[in-house]
Amino acid sequence: MKTAPLYIRYGEHAALVRWEAVIDPMIHHEVLRLRHFISEKFSEEIIETVPAYHELALYFKPNVSVSEVLKKIKRGYKIYSEHPSEVNFNVKIPVCYDEKFALDMERVVTHTGLSKAEIIAKHTETTYKVYFLGFLPGFPYLGGLDTHLATPRLESPREYIEKGAVAIGGNQTGIYPSASPGGWNIIGQTPLQMFDLQGSQITILRSGDFVQFVAISAQEFIWIEEKVASNSYIIEKEVRHD
Amino acid sequence: MIKVISAGILSSIQDVGRYGYRDSGVPISGSMDAYAAQLANRLLGNHQDAALLEITLIGPVLEFREPTAIAITGAGFTPTINNREIPLNTRIWIEKGDELRFGLAAYGLRGYLGVMGGFATEVVLGSRSQYTGITKSTSLKKGDLLPILSSDKVGKITTASVKERMEHFNSKELICYKGPEFELLPKHIQKLLETQVLEVSSKSNRMAYLLTGLEKASAEEIISAAVQPGTVQLTPSGQCIVLMRDAQTTGGYARILQLSERAMHRLSQRRGGDHVQFRISDLPL
């Protein structure tokens, strides 16, 4: 399974390390392992790295020889055998699936042939892997949506989606961390601030974490929203041991 | 302090950009024509991280509430102080109460106003670059008061100026390198990328430039992965998108080319209707 990745230059000050183009937890594990190795050994040469499903992007400092450093990384990673125990979390995200938020629930019901209760049950029983963040500040690319819930995107995207909207687009599910245009089917909303400049870390989720949605009532939504606003809500998360 | 008397079309505070948060999906932002921005800071003896005002097409009217020095670089504005014309690319001393006007850019699109010491607006995640959702203020508004860092150098440095090469504003050529998905394109499309003259769409902005003329080409979507400013994307329907400083950090379109830094600076000075042409070069070591 462990195939050697390709090292590709990407403009004057960047490079990509690329594995087989599939969405696969094992490949993503390698992406994060290399990321850990680089952050430990090459912080002098590299400003930051951005993981995705099957690639790690490396952004170099301006006065560094990209080809020289790439050679060193390649050599070092070949003999790097550690599987660092990054601290990853199982994070519980409360979601209200009430009809006042679930603007496209009927569409998902029609498309999947499932009842609303079945959709909520399936959406909340899965543990989703956070592959990486992108698209918007704090937007998580989640893997693991139950295939029965897959619903095509809207034919014409909405101009405005509320911050916190939880949605299904094709075979993916996600959370809009800020108000934005978008074409996914909205099935609920979380009162949490997924992206928060005032928070101790700016995003609740990080690449490598896992998410579980927890259904809450409209009353609980208001209650949590108030706690979030007064900084007294404690996010339910536990360290993963894997 | 500088008071904004009128705002112009789109002016925003920018610096070298916001690094270290791309893995959270935060764009780097920063000056579009980083070359012109750096020039203004050099003329003032500023650190290269100093924040400037990026001015697009029609400039603001500003009133200085304290003495300082300024330098205006980039697009061909015809700035005046108290209605007397001042040169571009030159350090200019400013008295308290002076009124600076920019007028309309005769060539290029983006000008940079540097002030001695730099602007002292809000720092968020290590940068003053204004961006929706990150900084409270995202563009200049009438009545704004812009703080500037006081500098003890005021009055102590003699004049400085440079001559700007017009090539920066009128050369069609954009030097670029093969992107991660270049080799997946059929040979005749690879060739077309260099031979076709493309037109800049008027829908272009700080997030992306749209180029028309490659409608015959197309590329399949990829599994979402990192993108950066200067990445040239080709969509399944033949749209050619060049990502700029405010672009998102990941994307799902084929990354066919990557502009050189200099080509990004030059493209930032192009307007809707201008023509450009890619020239693919080998990467330096």
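Here is a walk through the structure, from chain A, across to chain B, and down to one residue. The model is predicted, so a few ground rules apply: local features need pLDDT of at least 70, side-chain atom pairs count only at pLDDT 80 or more, and totals for chains, interfaces and linings use all residues. Residues are numbered from 1 along each chain as its sequence is written, while chains are lettered from A and ligands numbered from 1 in the order in which they are written.

Let's start with chain A. It splits into domain 1 (6-78) and domain 2 (89-239), with bounds that come from an automatic or database domain assignment. Their centres, taken over C-alpha atoms, are 30 Å apart. Where the two meet, seven residues of domain 1 of chain A are in contact with six of domain 2 of chain A; "in contact" says that the C-beta atoms, placed from the backbone, lie within 7 Å. On the domain 1 side, helix H1 (residues 25-41) of chain A gives the most, with three residues. Helices (H or I, at least four residues) and strands (E, at least two) are DSSP runs, numbered from the N terminus.

Now for the meeting of the chains. Here 35 residues of chain A are in contact with 26 residues of chain B. On the chain A side, the elements giving two or more residues are strands S1 (6-9), S2 (14-18), S3 (46-51), S4 (55-60) and S6 (128-133) of chain A. S3(A) gives the most, with five residues.

Over in chain B, look for a barrel. Seven strands close into it in the order S12-S19-S16-S17-S14-S13-S20 (chain B), with mixed pairing; two strands pair if DSSP finds at least two bridges between them. Take strand S14 (residues 208-212) and strand S17 (residues 240-243) of chain B: they run antiparallel and are joined by four bridges. Within that stretch, Tyr209(B) stands opposite Val242(B) in S17(B).

Finally, zoom in on Lys142(B). You'll find this residue in the loop between strand S10 (110-115) and strand S11 (145-146) of chain B. Lys142(B) counts as exposed because it has 12 C-beta neighbours inside 10 Å; the cut-offs are 20 or more for buried, 12 or fewer for exposed, and partly exposed in between, counting other C-beta atoms, placed from the backbone, within 10 Å. Leaving aside neighbours within four places in sequence, Lys142(B) is in contact with Val4(B), Ser6(B) and Ala7(B).
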